[in-house]
Amino acid sequence: MKRLITVIFAAAVACCAEAQIYAKLNGLYALVGVINPQVEAVIAPHSTLSVEATFSPWKSIEGRHLFFGMFSGEYRYYIKGAPNGFYGAFNAGMMGFDINKPYFFRNGKLLNFNKNYGKGFGLTVGVGIGYHHHFTERWSLDAFIAFAYMRSWYNGYKPNGEIVMNPQGHEDYIYPDPFNGSSEINPLKAGISIGYCLFKGKQR
């Protein structure tokens, strides 16, 4: 077992020596208390793989539930060469949440919230675009936006905490069932991350 751990550790160190690896933190999210660290590794002359986690610790803001966590992976293709300039991306992830569901571009407003809140989990698949700019040899900025198809499963609750036993879409159910589901295309993420090159690796 010790030998296996030693081999895995040695392989990880070797990979780090070969690849450019960047650690990033989303500055826009940090301004509102949401944590969004990212790690991006160059895997080919124009390609990178990125993994990230997003965590909102806000259990309630003005009565709205905004407590959630997400984990996702993303493939990025850089037009000029990785990681520099414009890129297109494909991402997939999972999430757990306790939130008042947001609605975009409804009732003449950019953002609205459902009066009820939901607790559950979901999966996402999406696409995005971004721009990665180096301002020193190791430091960089990454501006991005992404949209995703989201599929979620949850129980709904009224503002007083009472569970919704007959949610919308269950009108034909013989017995009350609070477990509900929904799917939609929504903005997934946006931000400006500051990045630091942990390993320079070999130029690809």
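Biologist: Are Arg76 and Glu74 buried or exposed?

Modeller: Both Arg76 and Glu74 are buried. Buried means under 20% relative accessible area, exposed means over 50%, and partly exposed is in between, with a 1.4 Å probe and protein chains only. This is a predicted model, in which local features need pLDDT of at least 70 and side-chain atom pairs count only at pLDDT 80 or more, while totals for chains, interfaces and linings use all residues. Residues are numbered from 1 along each chain as its sequence is written, and side-chain values use heavy atoms, leaving out hydrogens and water.

Biologist: What does Arg76 form with Glu74?

Modeller: A salt bridge, with the closest N and O atoms 2.7 Å apart. The term means a side-chain nitrogen of Lys or Arg within 4 Å of a carboxyl oxygen of Asp or Glu. Arg76 also has a salt bridge with Glu40, at 3.1 Å from N to O. Glu40 lies in strand 2 and Arg76 in strand 4 (residues 64-78), so this pair ties together parts 36 residues apart in sequence. Strands (E, at least two residues) and helices (H or I, at least four) are DSSP runs, numbered from the N terminus.

Biologist: Why does Glu40 count as buried?

Modeller: Because its relative accessibility is 2%. For Arg76 the relative accessible area is 1%.

Biologist: How many salt bridges are there in the whole structure?

Modeller: Nine. One of them joins the side chains of Asp142 and Lys24, at 3.1 Å from N to O. Asp142 is in strand 7 and Lys24 in strand 1, so the pair ties together parts 118 residues apart in sequence. Asp142 and Lys24 are both buried. A network of salt bridges links Lys24, Glu40, Glu52, Glu74, Arg76, Asp142 and Lys189.

Biologist: Changing topic, what do the strands close into?

Modeller: Eight strands close into a barrel, in the order 1-2-3-4-5-6-7-8, with antiparallel pairing. Neighbouring strands of this sheet are turned by 25 degrees against each other on average, direction ignored. Axes here are lines fitted to C-alpha atoms, for helices over the stretch in contact, and angles run from 0 to 180 degrees between N-to-C directions. Strands count as paired if DSSP finds at least two bridges between them.

Biologist: Which residues does Lys24 stand opposite?

Modeller: In strand 2 its bridge partner is Gln38, and in strand 8 Lys24 stands opposite Gly195.

Biologist: What about the surface, which residues form the nonpolar patch?

Modeller: Among them are Leu25, Phe55, Trp139 and Ile192, and the patch has about 1000 Å² of accessible area together. Helix 2 (27-31), strand 7 (139-157) and strand 8 (179-199) each give two or more residues to the patch. Patches are made of residues with over 30% relative accessible area and no salt bridge, joining like charges within 9 Å and nonpolar side chains (Val, Leu, Ile, Met, Phe, Trp, Tyr) within 5 Å. Areas come from the Shrake-Rupley method with a 1.4 Å probe, and for residues only the protein chains shown count as cover. Ile192 is partly exposed, at 40% relative accessible area.

Biologist: And what does Lys119 touch?

Modeller: Its contacts (heavy atoms within 4.5 Å) include Phe97, Trp153 and Tyr154, not counting residues up to four places away in sequence. Lys119 lies in strand 6 (residues 109-134).
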